[in-house]
Amino acid sequence: MSYPVYDIRSLKHTYNNRTVLDIAHLSIQKSSIIGLVGPNGSGKSTLLRILGLIENPTEGTIRFNGYQVEPFSSKARFLVTLLPQEPFLMKRSIYNNVSYGLKLRGNVNDIPSRVKESLFTVGLSYEKYAQRPWYALSGGEMQRVALASRLILKPQVLLLDEPTANVDAHSELLIKETSLSTRKTSGTTLVIASHDMQWLYEICDKVLHLFQGKIYESGQETFIYGPWQQMGDRKWGKELSDGQILYVTEPPRKDAIAVIKALPITESIVDVRKKAADLHGTISRLSLEKNSGRVFMTVLVGDLRLTMKLPFQNNYSDVFPGKKISIRYRLDLLNWI
């Protein structure tokens with residue numbers, strides 16, 4: 001029987017009596033690429049640490065390849081590795097940093113050639129970098145060395161927390177290419193938290209949107225904060241930075257958060273005016289979702305970014321960044337948090 005690499009049930013995690021993760025169920029298939037998006041503080045890093053089995057959730061169960069596991073479990077501890085956003089290198093040479101994990105696991109066969117291969121994979125010359133001290137590296141080089149020290153372990157699961165944040169363009173490209181090659185060459189499962197949403201939509205089998213510790217599986221929701229005001233005639237809304245009014249259904253609280261889901265443009269247009277609202281904006285980006293082959297359009301409306309699906313039959317020749325368009329969203333499909 002084939003099990004998912006992760007099967008998580010009824011997971012909750014709290015810090016100082018504050019719930020930071022609340023996930024009823026999450027299943028991640030082997031050799032898949034999963035993207036995590038969401039604002040800072042949404043729980044992405046916490047979820048990665050829990051998936052990396054270095055932090056125990058307050059409640060819930062985690063099954064890894066069918067086995068229930070806890071932090072540092074013998075059934076998974078050598079199969080999962082996490083690359084944090086801030087790379088940490090030990091105060092020793094690059095060679096000793098990259099080889100440390102192998103030595104720790106007692107896997108000491110042919111270490112020099114394996115270090116050389118791992119450094120080459122991330123675009124660093126063994127001859128030039130192996131004996132260099134940890135402090136003689138740029139930020140991008142540090143991140144690439146930290147990645148090499150994970151790749152040399154041949155993990156079944158590679159967890160990446162903002163892997164390209166604060167690195168130069170050359171390092172960003174190498175980190176992206178190297179991370180993806182591990183799935184192609186070794187069948188590695190990748191879980192990537194990143195603010196680079198366009199990259200995630202291009203490479204991921206699924207993008208999960210984390211918001212206030214909860215998962216929204218389409219990854220295309222727009223979360224809009226209050227406060228909300230009554231606009232007369234039983235209407236509620238808020239004024240955007242460009243003077244337009246974003247109308248909503250009556251909120252449960254004035255400070256509630258509205259969730260507008262991405263919809264195909266053709267489906268978002270309805271004839272009944274009381275169930276729809278119009279906005280005007282500018283197309284800022286087009287993104288291709290790898291798994292479905294569907295194109296998403298991001299529209300700037302005042303200080304908001306609204307994302308909508310384009311229908312498969314759409315003629316994309318008249319859709320381009322910078323174009324001014326009108327959009328309509330359905331009030332009856334708006335949800336509240």
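Visitor: Where is Asn16 found?
Guide: Asn16 sits in the loop between β1 (6–15) and β2 (18–28). This is a predicted model, and each value here is computed from it.

Visitor: Why does Asn16 count as exposed?
Guide: The relative accessibility of Asn16 is 79%. Exposed means over 50%. Asn16 therefore counts as exposed.

Visitor: What is the phi of Asn16?
Guide: Phi of Asn16 is near 50°, a positive value in a residue other than glycine. Most residues other than glycine have a negative phi.

Visitor: Glu162 also has a positive phi. Where does Glu162 lie?
Guide: Glu162 lies in the loop between β7 and α6. Its phi is about 50°, and Glu162 is not a glycine.

Visitor: Is Glu162 buried or exposed, and how do you know?
Guide: Relative accessibility is 7% for Glu162. Buried means under 20%. Glu162 therefore counts as buried.

Visitor: Which residue just after α1 takes a positive phi?
Guide: Leu53, at about 60°. Just after α2, Gly106 takes a positive phi of about 75°.

Visitor: What makes α1 a mostly covered helix?
Guide: Helix α1 covers residues 44–51, and six of its eight residues are buried. They are Lys44, Thr46, Leu47, Leu48, Ile50 and Leu51.

Visitor: Now α2 and α3. How do the axes of these helices cross?
Guide: Helix α2 runs over residues 94–104 and helix α3 over residues 111–121. Their axes come within 10 Å and cross at roughly 115°.

Visitor: What makes α2 and α3 roughly perpendicular to each other?
Guide: The crossing angle is roughly 115°. Angles of 65 to 115 degrees count as roughly perpendicular. That puts α2 and α3 in this class, so they are roughly perpendicular to each other. The crossing of α2 past α3 is right-handed.

Visitor: Which residues of α2 and α3 meet?
Guide: From α2 come Ile94, Tyr95, Val98, Ser99, Leu102 and Lys103. From α3 come Ile111, Pro112, Arg114, Val115, Ser118 and Leu119. By class, the contact of α2 with α3 has eight nonpolar, two polar and two charged residues.

Visitor: Which residues in α2 are buried?
Guide: Ile94, Tyr95, Asn97, Val98, Ser99, Gly101 and Leu102. The buried residues of α2 pack against α3, α4 (126–129) and α5.

Visitor: How do the axes of α5 and α6 cross?
Guide: They cross at roughly 10° and come within 9 Å. Helix α6 spans residues 169–186.

Visitor: Are α5 and α6 roughly parallel or roughly perpendicular, and how do you know?
Guide: Roughly 10° is the angle. Angles under 35 degrees count as roughly parallel. Hence the description: α5 and α6 are roughly parallel to each other. The pass of α5 over α6 is a left-handed crossing.

Visitor: Which residues make the contact of α5 and α6?
Guide: In α5 they are Gly140, Glu141, Gln143, Arg144, Leu147 and Leu151. In α6 they are His170, Ser171, Leu174, Ile175, Thr178, Ser179 and Thr182. This contact divides into four nonpolar, seven polar and two charged residues.

Visitor: How many residues are in the largest nonpolar core?
Guide: There are 34. Those with the most contacts inside this core are Val98, Val115, Leu119, Val145, Leu147, Ile192 and Leu200. At least two residues each come from β3 (33–37), α2, α3, α5 (139–151), β7 (157–161), β8 (189–193) and α7 (197–203). With five residues, α5 gives the most to this core.

Visitor: What does Val98 touch?
Guide: Val115, Ser118, Leu119, Val145, Ala148, Ser149 and Ile152, not counting residues up to four places away in sequence.

Visitor: Where does Ile327 lie, and what is it in contact with?
Guide: Ile327 lies in strand β19, residues 324–330. Leaving aside neighbours within four places in sequence, Ile327 is in contact with Ala277, Asp278, Leu279, Val301, Leu306 and Met308.

Visitor: Why does Ile327 count as buried?
Guide: Ile327 has 8% relative accessibility. The cut-off for buried is under 20%. Ile327 therefore counts as buried.

Definitions and conventions: Residues numbered from 1 in each chain as written. Predicted model: local features only at pLDDT ≥ 70, side-chain atom pairs only at ≥ 80, totals over all residues. Heavy atoms only, no water. Axes fitted to C-alpha atoms, helices over the stretch in contact; angles between N-to-C directions. Helix = DSSP H or I, 4+ residues; strand = E, 2+ residues; numbered from the N terminus. Parallel < 35°, antiparallel > 145°, perpendicular 65-115°, else oblique. Left-handed = near helix turned anticlockwise from the far one by under 90°. Contact = heavy atoms within 4.5 Å. Nonpolar A, V, L, I, M, F, W, Y, C, P; charged D, E, K, R; others polar. Core = buried A, V, L, I, M, F, W, Y, C linked by side-chain atoms within 4.5 Å. Buried < 20%, exposed > 50% of the residue type's maximum accessible area, 1.4 Å probe, protein only.
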